[in-house]
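This report covers helix packing, the surroundings of a ligand and some backbone details. The sequence and structure come first.

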Amino acid sequence: MALLPITLAPNQVLYEQVAERLQRLILDGTLKPGDRLPSVRKLRSQLSVSTSTVMEAYRLLEDRGLISARPQSGYYVKATALSLPQEPAATAPPRQACDIDISLAFQVISAMRDRTLVQLGAALPALELLPLAQLNRLMGKIMREHSTVAHSYGMPLGCPELRTEFAKRMLDAGCSVPPDQMVITNGATEAIYLCLKALTQPGDTVVIESPTYFAVLEALKSLGLKALTLPTHPRDGISLSHLAEALQTGEVKLCFLVSNFSNPLGSCMDDTQKKRLVALLNQYDIPLIEDDVYGDLYFAGPRPKAIKAFDTENRVLYCASVSKTLSPGLRVGWCIGGRYHAEVSRMKSILNGSNAMVPQLTVAAFLANGGYDRHLRQLRRAYQDQTAQMLQAIYDYFPAETCVTRPTGGHVLWLELPQGFDALRLYHKALEHYIAIAPGVMFSASGQCYSNCFRLNTAVVCSEKVDQAMQILGHLSKKQLAENLLGR
Ligand SMILES: Cc1ncc(COP(=O)(O)O)c(C=O)c1O
């Protein structure tokens, strides 16, 4: 097996890249359980790296449970490295535009925000992994140094320092955007809402992935829009052939997609698909709202590009935030409206004028000097490790029939149990044990699909408590399947 020399990607240390290259070979089956890995000396010369880089990489793969060292013999792929549950197939939602039913989401949301539960339900970042002390210090400094600014109305587009910082970060996603073409928003949620509101009329049809992030369903519902859900694959996202068919009908007003590590499936389109998607949008003259809140949370570099990076006609409205990487509570996000910038800015100013200044200045200061890249490296590593541990726990504790996604970034897993399994029943049973999960129907536009599925948040620091919660969920799932068999 010959490996090409590594070219150092920005924002990633070398041994992690070596480990990730090998991990990919293990996960895609090139290196099989029981196979011997190249000797340290051989890999060192193949990749043109140092001995300690290879040793660190092997240590990391050991920590991830993928390889083990045999004395005097070398490193081997572990027998259990691949014995993970199956992945779910592409979804097959109903193919008609539907009115949205999100009644269940409202019932479930309060449990998902309750931090006294083992919170495997909400897609919240683990606060322990965020640089909160540093953000708090910056905020205090800003309050002292800008005591009046903190109480003034901000600029309608948002604070210029912050827009400049976001414009710099956008280069990593392949987009070169002038800061004056950006609007600062209250999180990605507001960015998405502004775009929808600016571009649609009640009764319009919006194409979405299925399953999809439930807050978008709420936004569509509140604006009187219909959802046309398309089959979506857990690895590559929405089916472009189905999208082409849908656009041909002339009934679609716009599309909404989470481009990188979607919620809940974790899918990530590759660059070829992103280009094909843009070509389709151009052909049918359709705008796209791209939600990229998880783009920075890739497990193996480089950062996946935004769809906006391929946007030849400026018709992609890009939305993102720092909610998943720095602080969900500061409510700082941004939107690049492209050719619809004026409409989006107008909507922002009608809705709430501008954002509060202190959170904006805090995030700007952190991005400028706070070590954001170092923080992201740690966060990505933590999420990758936690995702691997949760996958292992699913393998260890859940029914053998369980299918689970294998995301390459972000922090959610989507589990599918056999038809007839009732994830809502599991949700209620789990609450009796102080555990929250997100039942699948929440992510269905019609409220009719995915009753046998649920989502788990992996952005929790893996601890005995979390392991116990996974054991309980596995046990409850097995019990329910057994009861179904007995017809109870
Ligand atoms: C896909 C997706 N978009 C947007 C959001 C919300 O982002 P924000 O908190 O910045 O509004 C979430 C949060 O879970 C999400 O998963």
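## Helices H5 and H12

Gln134, Leu135, Leu138, Met139, Ile142 and Met143 of H5 touch Val358, Leu361, Thr362, Ala365 and Phe366 of H12, where contact means heavy atoms within 4.5 Å. By class, this contact holds nine nonpolar, two polar and no charged residues. Ala, Val, Leu, Ile, Met, Phe, Trp, Tyr, Cys and Pro count as nonpolar, Asp, Glu, Lys and Arg as charged, and the others, Gly among them, as polar. The model is predicted: local features need pLDDT of at least 70, side-chain atom pairs count only at pLDDT 80 or more, and totals for chains, interfaces and linings use all residues. Residues are numbered from 1 along each chain as its sequence is written, and side-chain values use heavy atoms, with hydrogens and water left out.

H5 spans residues 132–145 and H12 residues 357–369; their axes are 9 Å apart, at an angle of about 120°. H5 is therefore oblique to H12 (under 35 degrees is roughly parallel, over 145 roughly antiparallel, 65 to 115 roughly perpendicular, the rest oblique). Axes are lines fitted to C-alpha atoms, for helices over the stretch in contact, and angles run from 0 to 180 degrees between N-to-C directions. Helices (H or I, at least four residues) and strands (E, at least two) are DSSP runs, numbered from the N terminus. The crossing of H5 and H12 is right-handed, meaning that the near helix is turned clockwise from the far one by less than a right angle.

## Helices H7 and H11

The axes of H7 (residues 187–199) and H11 (residues 341–352) come within 9 Å and cross at roughly 115°, so the two helices are roughly perpendicular to each other. Their crossing is right-handed.

On the H7 side the contact includes Tyr193 and Leu194, and on the H11 side Met347 and Leu351. The residues of this contact divide into seven nonpolar, one polar and four charged.

## Around the ligand

Of the 13 residues around the ligand, Thr189, Asn263, Asp291, Tyr294 and Ser323 come nearest (a heavy atom within 4 Å). An oxygen atom of the ligand is 2.5 Å from an N or O atom in the side chain of Thr189. For the side chain of Ser323, the corresponding distance from a ligand oxygen atom to an N or O atom is 2.6 Å.

## Backbone details

A cis peptide bond, with omega near 15°, runs from Asn263 to Pro264. Pro264 sits in the loop between strand S9 (252–258) and helix H10 (271–284).

Notes: A polar contact is a pair of N or O atoms within 3.5 Å; within protein, one must be able to donate a hydrogen and the other to accept it, and residues adjacent in sequence count only if both atoms are side-chain atoms.
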